Amino acid sequence: MGREIRRVLSSTMAACSDYDPALLDQQRIAALALWTARTLTSDRPVPFAAEIVHSTTGERLMRALNAVTPENDPSAHAELRTVRLACRKLKSYSLKGYTLYSTCEPCPMCMANALWAGLDRVVYGATIADANRFCRQIRIPATEVAERSDMSATVVTGPVCRDECLALFTHPKMQEAFKTWSSAKELVVN
């Protein structure tokens, strides 16, 4: 893990000691980015992670990383996996009363899933445009997905700690991994 990522995250978390919802969002995203940065020392680094916390108490219910490659599942995005695991843990399809934090703005699939789950809020770090600089994305903002839904009670907030989350994408180890992701998207299956 790079010193720069640790330095930026440490300064952000230090600024979050008072009770202020915006600062708490920064603290949550910064901590999630730091947790995600652990993958940068692994054979399969990923910049995408998500966690679900109780909207009132802040107690973490679940968190997960993107696992598209190891699970051979194009829907195994961090947000979807976190929602699935959280619903299973609660034995409920509803996550009303909970907030989803993500290191990157949810793609339309993940944002639609957040809406179907009834999450109170979605808070993200890097933007879809940021991610699209490095990997394929469906470039529809999460706010647009929410606005076009009749389930738009979910509040979308972001970017929060964008630089800290973008550092996950720009890290040299992640840049090497993206090269394999880019070559994989060029394959044509007959």
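Q: Where does R133 lie?
A: Keep in mind that this is a predicted model. The place to look is between two helices, α6 (128-132) and α7 (142-147). R133 sits in the loop between α6 and α7.

Q: Is R133 buried or exposed?
A: The relative accessible area of R133 comes out at 55%. The cut-off for exposed is over 50%, so R133 counts as exposed.

Q: How many Å apart in space are R133 and T170, C-alpha to C-alpha?
A: Along the sequence, R133 and T170 are 37 residues apart. In space, C-alpha to C-alpha, the distance between R133 and T170 is 9.9 Å.

Q: Are α2 and α8 roughly parallel or roughly antiparallel to each other?
A: Helix α8 covers residues 162-170, and its axis comes within 9 Å of the α2 axis, crossing at roughly 15°. Angles under 35 degrees count as roughly parallel. So α2 and α8 are roughly parallel.

Q: Which residues of α8 make the contact with α2?
A: On the α2 side, the contact uses I29, A33, T36 and A37. By class, the contact of α2 with α8 has 5 nonpolar, 1 polar and 1 charged residues. From α8, the residues are E164, C165 and L168.

Q: Is the crossing of α4 and α5 left-handed or right-handed?
A: Helix α4 (residues 78-90) and helix α5 (residues 108-117) pack with their axes 8 Å apart, at an angle of about 25°. That makes α4 and α5 roughly parallel to each other. As for the hand, the crossing of α4 and α5 is left-handed.

Q: Which residues in α5 do E79, L80 and V83 in α4 meet?
A: By class, the contact of α4 with α5 has 5 nonpolar, 1 polar and 1 charged residues. E79, L80 and V83 are the α4 side of it. Across from them, in α5, are M109, C110, N113 and A117.

Definitions and conventions: Residues numbered from 1 in each chain as written. Predicted model: local features only at pLDDT ≥ 70, side-chain atom pairs only at ≥ 80, totals over all residues. Heavy atoms only, no water. Axes fitted to C-alpha atoms, helices over the stretch in contact; angles between N-to-C directions. Helix = DSSP H or I, 4+ residues; strand = E, 2+ residues; numbered from the N terminus. Parallel < 35°, antiparallel > 145°, perpendicular 65-115°, else oblique. Left-handed = near helix turned anticlockwise from the far one by under 90°. Contact = heavy atoms within 4.5 Å. Nonpolar A, V, L, I, M, F, W, Y, C, P; charged D, E, K, R; others polar. Buried < 20%, exposed > 50% of the residue type's maximum accessible area, 1.4 Å probe, protein only.
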